[in-house]
Amino acid sequence: MKTILNFLKKIIKPVLSRGQVSVQNEAGPATAHVKIYTRAEHNISRAQISENALKVLYRLQKEGYEAYLVGGCVRDLLLGREPKDFDVVTNADPDQVRKVFRNCRLIGRRFRLAHVCFGRDIIEVATFRGAGEEQNDKQVLNKEGRLLRDNVYGTIEEDVWRRDFTVNALYYNIKDFSVVDFVGGMADHKTGTLRLIGDPDMRFREDPVRMLRAVRFAVKLGFKLDEACEKAIHNDAQLLASIPSARLYDEALKLFLSGYALQTFEILRHYGLFQVLFPATENSLAIEEDGFPRLLLIKALENSDNRIAEGKTITAYFLLAAFLWEPVRLLANKKMKQGEIEFVAYQDAASEIIASQIRSTALPRHISMAMREVWSLQPKFNARIGSKPSRLIGHPRFRAGYDFLLLRSETGGGDPELAEWWTKYQHASENEQRKMTQPPRNPQNGKSGRKRSYQRKATAPNPEV
Ligand code: ATP
Ligand code: MG
């Protein structure tokens, strides 16, 4: 096999500039055609490429190295979209890249990369990754076939097989502004198809996160998954459970903070991927209570998509609090039936649900703390008499807690009159606020009920919790 690959390496280079060639590769499909799309045959113009990315590409070229844009940026430029970032690949190894740029640092353990920094703008420069021929030493797979370490440098012809989808494997060559396509990525781009390079089952086993990437790109680009990829996801969804929870947390954020959270949620559920990320939420969705449990989450997803569309910010903890609210609420109800008082039941339920969630996706401490605060504010909104409302309004998470109260009341899980009261209270003058928080008058003697309520509080459990 090694001799065949070496032979292919020799023949591909010269033909690259001439047009098409057939290549056999054990990681890729049986036959692939290398096609060069000249500047006239595609719509990527240098005006769309960031100045800093162009500087890096030209500089590498000037130093005698090959330099290409690759990945999401080429895919997005072809669609006329502004790329999130510009990734460069080269045949220079990281140390050589460092020598070319003063403003450069090397990062990464699994695969060393160079970051060329222009103030806050960073251009990532990777060295071509090698093919699987040295699999025994520098590439490490675990027993399920997952890639653990991958530090082999290679050529562009090898690098292409390491990439996930054909549309992510197009190379924009700074030398002649052509697009180099080894895997039919341009054709898939035109038809809006996400197709894995190589055998889908094998590629998902190597890195199950590719299933989440498939969904993310399908939603973001409006592309459809090709049939083989779809089938493999249905079979392989459970493989995601083997991925470290910190990586799944990062991927979950990318999925749900993308501006297409609702659609992403539906598709993840369709493929059985959502239950691996949020098992407790998935279980709670099966428990229908007048149709409202699903509504809260759906409304939260919809709201955050709308906020992004309006250019507003969204916070991860608020959405995650919505994901886990039903599991927390159901567990708290169970605990109350067993005799726990409301406040304690919610605290305990929150701890248990968070502890079980972090087995799937990590939750940084500041995130889980903020989620707990949003939840624990909910019963506190019931206290409308005396000084409690004015104290509550000063709580650092008041705004998030109030937004969550609105979400609950809009979806049948909270009292709309209570939510309206808090809306009014926030906008009222000090004088009006004082009136709003006075105890109701006793209809018999016309006096304020304040004293009685204090007396009651001294002898009965706190009614607000
Ligand atoms: P985005 O618009 O989200 O940045 P992207 O395609 O650029 O999309 P990145 O995570 O930035 O995604 O990765 C850059 C490129 O690296 C991808 O286009 C793909 O070619 C390759 N890549 C990234 N992650 C993987 C993976 N898990 N398996 C295979 N190839 C990958
Ligand atoms: Mg990218």
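Which backbone atom of asparagine 168 lies 3.1 Å from an oxygen atom of ligand 1? A backbone N or O atom does, and such a pair is a polar contact (a pair of N or O atoms within 3.5 Å). This is a predicted model, in which local features need pLDDT of at least 70, side-chain atom pairs count only at pLDDT 80 or more, and totals for linings use all residues. Residues are numbered from 1 along each chain, ligands are numbered from 1 in the order written, and side-chain values use heavy atoms, without hydrogens and water.

Let us stay with the ligand. Arginine 216 has a side-chain N or O atom 2.8 Å from an oxygen atom of ligand 1, and lysine 220 likewise has one at 2.8 Å. Taken alone, ligand 1 exposes 580 Å² (Shrake-Rupley method, 1.4 Å probe), and the protein buries 82% of that.

Now look at the shell, whose residues have a heavy atom within 4 Å of the ligand. Of its 17 residues, Lys84, Asp207, Arg210, Arg216 and Lys220 come nearest. Helix H8 (a DSSP run of at least four residues) gives the most, with five residues. The shell holds one nonpolar, three polar and 13 charged residues (Asp, Glu, Lys and Arg count as charged).

Finally, step back to the space itself.

How values were computed: Polar contact = N/O pair within 3.5 Å; in protein donor to acceptor, adjacent residues only side chain to side chain. Helix = DSSP H or I, 4+ residues; strand = E, 2+ residues; numbered from the N terminus.
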